[in-house]
Amino acid sequence: MKTNYERFGGEALKRLEMSTKNADTAQTKFLLDWLNENKNTEFGKRYSFAQIKSVREYQKKVPLSTYEDYALDIERIIDGEKNILTARDTVYFCISSGTVGDEKYIPLTEYDFEAHYVFMYKAVFGQIREYYKQLTEAQIFGKIFQIGEFAKTYMPDGRMNGIRSSCVYQWLDINGEFDSSDYCVPKEILFPTTLEDQLYIKVRFAVAERDLTAIHGVFINRAAGVIEYIIRNWEPLLNDIEYGTVSVDIPEKQRKYITEKLFPDPERARELRRIPHEDLHKGIIKKIWKNMKYILAIGGDSFFYYTEKMREYSGGIPVHYFVYAASEGVFGLAENVDSADRYILLPESVFFEFIPVNGDRTHLLIGDVKIGEKYELVVTNRSGLYRYRLGDVVKIVGLHEKAPVVKFCYRRNQVINIAGEKSNQQQFDTAIKRFAKLAQTEVRGYCVQEDFSGISPRYLFYMECKNAPRNADALFEKCMCAANPEYKSCLNMREIRPLHIELLREGSFEHYEKILAERGKPMAQSKMPHFLNTEEKKSFFASQIIRLEEKA
């Protein structure tokens with residue numbers, strides 16, 4: 001290990017503490033310095049940045065915006081034009097994960113990378129160091145199993161593009177600052193030239209490695225899926241480790257790579273065979289890797305099933321839910337290790353504004369928000385988005401010094417509203433969790449759409465779950481009514497009719513993820529689709545319904 005994780009993690013946390021103690025001042029300084037730097041850009045001249053001397057003037061002069069307001073400017077930036085949104089050059093185009101509509105290209109500057117590097121990368125290691133104060137640095141920071149990849153993909157002119165989670169690694173590698181020796185998988189697998197499923201290769205290297213201390217991922221559903229893959233293929237994997245063979249159907253070039261890089265290791269196979277096969281899944285991570293210290297993955301209520309699964313697999317190893325971020329920026333750092341759904345907003349990363357969801361049209365600042373209230377986030381980032389309506393609704397759940405601690409609730413444009421009931425993802429997640437408990441079942445995934453096929457509209461849910469009870473519709477209806485009183489009111493007034501659940505074949509969500517991967521979408525970035533807002537999504541999940549003959 002060459003990287004001094006302890007030192008730069010400590011430096012990042014010190015910087016965070018200073019900015020959160022003076023959150024108001026840090027926000028104002030960030031904004032005014034950024035406007036001054038960009039006053040001679042096309043956008044800066046358009047909105048008279050040179051005349052803006054306060055936050056309130058900024059709010060008066062610059063309107064709220066969405067991606068569509070930047071689409072033409074971004075096309076020009078892609079074509080190579082400069083000094084349009086920022087005085088700094090665009091060095092990376094972040095491809096939006098496309099949860100709604102088509103993929104979008106978000107330009108990123110190196111100034112944006114700097115915030116990402118400090119708060120989404122370095123500070124995380126600082127928090128892990130603080131969590132394990134009694135251990136040495138060598139005991140905490142060993143080999144990392146990175147379950148995603150940092151595919152090197154480019155725009156036609158050679159500038160990098162890809163997903164937010166991989167941009168800083170590409171940036172570090174280009175600058176010669178990425179140490180691949182800290183990872184159990186070779187560099188050419190971490191930085192593939194083409195996007196393809198390399199799960200077997202990653203798992204072979206990881207299971208063969210005795211000294212793993214961390215698993216790094218983006219979303220917890222993907223991390224849990226990798227562990228499930230190991231459980232399903234346990235015996236073939238052990239045989240392959242013992243004899244240096246490849247027992248799965250993978251492309252020939254991958255097969256050749258494995259046989260050239262990984263030699264027979266009967267001793268490691270014997271170690272793993274000593275693990276009792278009965279209840280293998282319980283604490284499997286700690287059983288395979290005895291020195292494992294933490295798992296890095298975004299989870300919580302929005303990933304309830306997979307968060308619970310990872311707790312089962314981990315054997316008590318803490319999960320660090322590490323960051324609240326999107327293509328448009330890095331917004332929050334997890335308040336603590338092993339604390340889900342609580343993120344400290346970062347005063348130096350972006351400039352925040354808050355629109356109350358209660359209808360108040362005031363655009364509040366970081367020092368004005370109240371604990372317990374919900375707000376839509378508006379951000380000004382380091383790459384040329386100004387007063388950008390992110391679409392996220394968050395709840396203020398606490399304070400870290402003077403910086404708000406937030407929980408993500410739902411996206412503003414992901415709400416079902418047939419008759420004024422406005423059901424959102426947070427309410428669906430609450431209902432699903434309650435339903436799973438009452439029905440004594442595991443809901444592996446769900447999605448929902450409006451159904452206008454009957455006399456009156458209803459909610460149509462697709463669920464992948466085990467042993468759903470016969471009264472699933474009625475039971476889940478009660479859970480929905482409890483989660484959203486407005487839904488209950490509309491149901492009682494017969495403005496909507498009772499919901500219906502269609503059960504999906506086992507593996508439906510995994511199948512959907514693979515289809516996206518085949519189209520070039522990195523699997524590490526895949527999020528479970530909860531709202532079926534395109535005909536393509538609706539058609540796919542309708543095709544996965546368990547038919548009567550399959551139930552028999």
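**Reading a hairpin, a sheet and a helix crossing**

Student: In the hairpin of strand 14 and strand 15, which residue takes a positive phi?

Tutor: Glu401 does, with phi near 55 degrees, and that hairpin has two residues between its strands. A quick word on the source: this is a predicted model, where local features need pLDDT of at least 70 and side-chain atom pairs count only at pLDDT 80 or more, while totals for chains, interfaces and linings use all residues. Residues are numbered from 1 along each chain as its sequence is written, and side-chain values use heavy atoms, leaving out hydrogens and water.

Student: How many bridges join strand 14 to strand 15?

Tutor: Strands pair if DSSP finds at least two bridges between them. Here, strand 14 and strand 15 (residues 403-411) run antiparallel and are joined by eight bridges. One to find on screen: Val394 has Phe408 in strand 15 as its bridge partner. Strand 14 (residues 388-400) also pairs with strand 13 (residues 374-380), again in the antiparallel sense, over five bridges. There, look for Val379 opposite Tyr388 of strand 14.

Student: What order do the strands have in the open sheet of three?

Tutor: The order is 18-19-20, and the pairing is mixed. Strand 18 (443-451) and strand 20 (500-503) are at the edges with a single partner strand each, so one side of each lacks a neighbour in the sheet. From one strand to the next, the twist averages 25 degrees. Strand 19 (residues 458-465) pairs with strand 20 in the parallel sense over four bridges; Phe461 sits opposite Ile501 of strand 20 there.

Student: At what angle do the axes of helix 10 and helix 12 cross?

Tutor: An axis is a line fitted to C-alpha atoms over the stretch in contact, and angles between N-to-C directions run from 0 to 180 degrees. Helix 10 (residues 199-208) and helix 12 (residues 234-243) have axes that come within 11 Å and cross at roughly 70 degrees. That makes the two helices roughly perpendicular (the label for 65 to 115 degrees). Tyr200, Val203, Arg204, Val207 and Ala208 of helix 10 make the contact with Leu237, Asp240 and Ile241 of helix 12 (contact means heavy atoms within 4.5 Å).

Student: How many helices and strands are there in the protein chain?

Tutor: The chain has 22 helices and 20 strands, counted as DSSP runs from the N terminus (helices: H or I, at least four residues; strands: E, at least two). Along its principal axes, the C-alpha trace spans about 70 × 65 × 50 Å.

Key:
Angles under 35 degrees count as roughly parallel, over 145 as roughly antiparallel, 65 to 115 as roughly perpendicular and the rest as oblique.
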